[in-house]
Amino acid sequence: MFEPSAPHRLWAQAPAWGQWALIVVAGGLAGLGQAPVDQPALTLVGLAFGFWIIRPETALPYFLRGWSLGFGYFLVSLAWIVEPFLVEGRGTAWMAPFALLAMAGGLALFWGGAFALARGRVGLWICLALLSAELARAYLFSGFPWALLGYVWIDTPAYQLAAVIGPHGMSLLTLVLAALIAWGGATARWVVLIAIVSLPFVPGLEMGKSPDDEGRPVVRLIHPNVAQENKWNPEKMEEIYQRHLSLTQAGPSVDLIIWPETSVYQPIDWARSDIAAAAQGAHVVVGYQSHNLAGQYFNTLGVVSPQGEVKSEYHKSRLVPFGEYIPFGHLARVFGYDFPEFSAGSGPAHIDIAGIGRLQPLICYEGIFPQFVGRGAARPDLLVLITNDGWFGQGQGPAQHFAQARARAIELGLPMLRVANRGVTAVIDPWGRSEARLDLHERGALDAPIPKPHTATFYAKNHWLGVLILVGMLVLVAFLQRRVKLSLTPGGGTSRKS
């Protein structure tokens, strides 16, 4: 049984609304660990407070405690959700706060369920329950693994561990550290906090340029920086297209050129000769919209050869709900309602380009799915992600989207070529570094060698084994700790203090 301390007695005397507000604030504090703030210590403190209030003195039901903590976390970490509604101004701006509240409240249901499942149990139990919640939101209802707890470490050397235990293992590690702060005593709290504060000064991501990159194929990334309100303006489409062509032929010849998502406004058969001429002998990866004879429309990535032929095409498979398709739209069509939407492609694919290697094409949203990137019949040599982050605003959204691209590179030991219409365009090496990059407000063409991939990481070869080993180790530690405590009780370990 719990024996309330003075702080817990004060907490128990606080009104229910005050407890609820403090829990939401703690969740919001935890959300500040995500980009662009990148302060994992705040995440640990916020989660630790959330664990601390599990005790029975809290007036709120267990489900509401977890929901409130999650609501604060998602309210802060997903604040960028309002940005797409502001692009077109007054027509949709009124929906922005409701969309954020609905998203935060909906995702918080997973955390509420985790707290209800734990039912006041502390230590490993609440960590495993919240890990289950994070896994559920990553996979159920098409999945939304944005702002996973483990991502708070991406900007530190600690995320290199993801090459072994993956993103979900990093989330579990985060939860365990927060549990140590909540229940591990003063010494454990200070050790964890000092270690976190020291992380930025630990050598890791600040490694020198790999000599293996010398003599590698050179890529040119086209970063046109087109504001979203201009992108589909009929009066500006041709000027934007010519901007892409001009950036493509700027500078010396290269081995590969990559344009952003939906960068060609006209049918690709009309544009491919112009693109090949501007590329001066290089293959060009291009984003555009396409359709087939069955009337299906796709968000497409294609490869234009030096001869002006479309050699390969990949159709986006992970579509954005309500942005590219309407969930359960087929039911609405039964009642006569029809919505324009894209069709999904057939899943992870590979494209081989002579002199470059085997690449996995990714379009925008697909890069956030650990269960999608790096999967397929064979291991790719690099990842190519084309995107349009103009919808995400100018701060939190593009920063988090870029951070998750770095996460995929680290987890799999693969370089990523990330090309944004507006956002961060960069060459990301297998350590997650981006020494060659163009940022949000820049425009231009970026030339850089394509980094050499690492050998397949432990996570790349055994996607779930690392996190299962970590869970097994934690269960073993908890079991041994329990055995030691019982063995120290009078009578050989059969009594307990209530």
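Helices (H or I, at least four residues) and strands (E, at least two) are DSSP runs, numbered from the N terminus.

## Model and confidence

What you have here is a predicted model, in which local features need pLDDT of at least 70 and side-chain atom pairs count only at pLDDT 80 or more, while totals for chains, interfaces and linings use all residues. Residues are numbered from 1 along each chain as its sequence is written, and side-chain values use heavy atoms, with hydrogens and water left out.

Let's take H2 (16-31) and H4 (residues 62-77) to begin with: their axes come within 6 Å and cross at roughly 40 degrees. Axes here are lines fitted to C-alpha atoms, for helices over the stretch in contact, and angles run from 0 to 180 degrees between N-to-C directions. That angle makes H2 oblique to H4; for these labels, angles under 35 degrees count as roughly parallel, over 145 as roughly antiparallel, 65 to 115 as roughly perpendicular and the rest as oblique. H2 passes H4 in a right-handed crossing, where right-handed says that the near helix is turned clockwise from the far one by less than a right angle, and left-handed that it is turned anticlockwise. On the H2 side the contact includes Trp20, Ile23 and Val24, and on the H4 side Leu64, Arg65 and Trp67 are among the residues involved. By class, the contact of H2 with H4 divides into 11 nonpolar, 6 polar and 1 charged. The classes go like this: Ala, Val, Leu, Ile, Met, Phe, Trp, Tyr, Cys and Pro count as nonpolar, Asp, Glu, Lys and Arg as charged, and the others, Gly among them, as polar.

H3 (residues 40-52) packs on H9 (residues 162-183) at an angle of about 60 degrees, with the axes 8 Å apart. H3 and H9 are therefore oblique to each other, and the crossing is right-handed. H3 brings Thr43, Leu44, Leu47, Ala48, Phe51 and Trp52 to the contact, while the H9 residues include Thr174, Leu175 and Trp183. There are 12 nonpolar and 2 polar residues in the contact of H3 with H9, and no charged ones.

E4 (residues 297-304) and E5 run antiparallel and are joined by 5 bridges; one to look at is Gly302, whose bridge partner in E5 is Glu313.

Tyr241, Leu245 and Thr248 of H12 meet Ala271, Asp274, Ile275, Ala278 and Ala279 of H13.

## The sheet from E6 to E11

Another open sheet of 6 strands has the order E6-E7-E8-E9-E10-E11 and mixed pairing. Its edges are E6 (351-353) and E11 (436-438), each with a single partner strand, so one side of each is left without a neighbour in the sheet. The twist averages 20 degrees from one strand to the next. Inside this order, E9 (residues 416-420) and E10 (residues 425-428) run antiparallel, joined by 3 bridges, and Met416 has Ile428 of E10 as its bridge partner.

## Backbone details

The peptide bond from Ala35 to Pro36 is cis, with omega near 5 degrees, and Pro36 sits in the loop between H2 and H3. Gln280, in the loop between H13 and E3, has phi near 55 degrees, a positive value in a residue other than glycine.

Key
Contact = heavy atoms within 4.5 Å. Pairing = 2+ DSSP bridges.
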